[in-house]
Amino acid sequence: MKRNLVCIACPIGCPIEVELNDAGEVVGVTGNTCPRGEAYARTEVTHPVRSLTTSVKVEGGVHPVVPVKTAAPIPKEKMFDCMQVINAVTLQAPVAIGDVVVKDICGLGVDVVATNND
Ligand code: SF4
């Protein structure tokens with residue numbers, strides 16, 4: 001089986017073709033122009049991950065919300081669960097860049113951190 005992807009590891013967006021055997025194992029990657037593309041393709045077809053960026057409510061700050069992101073990519077299928085946790089959070093100002101907003105979200109071993117001050 002073949003999967004066609006567009007690499008999102010950099011803005012060039014190389015078209016990549018991944019060949020999988022019947023067991024779903026990657027047996028070939030073509031079209032990438034650097035090693036990051038192959039790594040992205042292998043992960044994308046076996047265990048896709050994404051960084052989650054969103055915002056969290058803040059009370060007593062300059063703005064009503066502060067932007068946040070996961071400190072590392074998380075499994076794509078966990079995005080909805082993580083958003084439910086994040087949407088339930090309300091921070092108290094002051095908030096500083098790098099503050100941990102949710103520690104070890106959904107037990108994934110990844111923190112959600114603030115990406116701006118408020
Ligand atoms: S394969 Fe390399 S050059 Fe091409 S989009 Fe991915 S990271 Fe960029």
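L20 stands opposite V26 in strand β3. This pair opens a set of exercises on a predicted model, in which local features need pLDDT of at least 70, side-chain atom pairs count only at pLDDT 80 or more, and totals for chains, interfaces and linings use all residues. Residues are numbered from 1 along each chain as its sequence is written.

**Exercise 1. Overall form**

State the number of helices and strands, their order along the sequence, and the division of the protein into domains.

Step 1. The protein contains two helices and 10 strands; both are DSSP runs numbered from the N terminus, with helices (H or I) of at least four residues and strands (E) of at least two.

Step 2. Along the sequence these elements follow the pattern β-β-β-α-β-β-β-β-α-β-β-β.

Step 3. Domain 1 covers residues 2-47 and domain 2 covers residues 53-114, with bounds from an automatic or database domain assignment. Their C-alpha centres lie 30 Å apart.

Step 4. The C-alpha trace spans about 55 × 30 × 15 Å along its principal axes. The radius of gyration of the protein is 18 Å, whereas a compact globule of 118 residues would have one near 13 Å. This radius is taken over C-alpha atoms, and the globule rule is 2.2 Å times the number of residues to the power 0.38.

**Exercise 2. The three-stranded sheet**

Determine the strand order of the open sheet of three strands and describe how helix α1 is placed against the sheet.

Step 1. The order is β1-β2-β3, with antiparallel pairing; two strands count as paired if DSSP finds at least two bridges between them. The edges are formed by β1 (2-6) and β3 (26-30), each of which pairs on one side only. From one strand to the next, the twist averages 20 degrees.

Step 2. Helix α1 (residues 35-46) packs on this sheet and touches β1, β2 and β3, where contact requires C-beta atoms, placed from the backbone, within 7 Å. The direction of α1 makes about 135 degrees with that of β3; axes are lines fitted to C-alpha atoms, for helices over the stretch in contact, and angles run from 0 to 180 degrees between N-to-C directions.

Step 3. Five bridges join β1 to β2 (residues 15-20). In this pairing V6 stands opposite P15, and L5 stands opposite I16.

Step 4. Four bridges connect β2 with β3 in the antiparallel sense. Five residues separate these two strands in their hairpin, in which G24 adopts a positive phi near 80 degrees.

**Exercise 3. The ligand shell**

Step 1. The surrounding residues are C7, A9, C10, I12, G13, C14, N32, T33, C34, R36 and G37. A residue is near the molecule if its C-beta atom, placed from the backbone, lies within 6 Å of it.

Step 2. The shell comprises six nonpolar, four polar and one charged residue. Ala, Val, Leu, Ile, Met, Phe, Trp, Tyr, Cys and Pro count as nonpolar, Asp, Glu, Lys and Arg as charged, and the others, Gly among them, as polar.

**Exercise 4. The five-stranded sheet**

Give the strand order of the open sheet of five strands and explain why β8 and β9 each have a side without a neighbour.

Step 1. The order is β8-β5-β6-β10-β9, and the pairing is mixed.

Step 2. Since β8 (90-92) and β9 (100-102) stand at the edges with a single partner strand each, one side of each is left without a neighbour in the sheet. Neighbouring strands are turned by 45 degrees against each other on average, direction ignored.

Step 3. Strand β5 (residues 53-59) runs parallel to β8, joined by three bridges. V58 has L91 as its bridge partner in β8, and E59 has Q92.

Step 4. Strands β5 and β6 run antiparallel and share five bridges; T53 is partnered by K69 in β6. The hairpin of β5 and β6 has five residues between the strands, and G60 there takes a positive phi near 80 degrees.

Step 5. Helix α2 (residues 79-87) lies across β5, β6 (65-70), β9 and β10 (112-114), at about 15 degrees to β5.

**Exercise 5. Backbone particulars**

Describe the peptide bond from A93 to P94 and the phi of D104, and locate P94 and D104.

Step 1. The bond from A93 to P94 is cis, with omega near 5 degrees. P94 belongs to the loop between β8 and β9.

Step 2. D104 has a positive phi of about 50 degrees, although it is not a glycine. The loop between β9 and β10 holds D104.

Conventions: Two residues are in contact if their C-beta atoms, placed from the backbone, lie within 7 Å.
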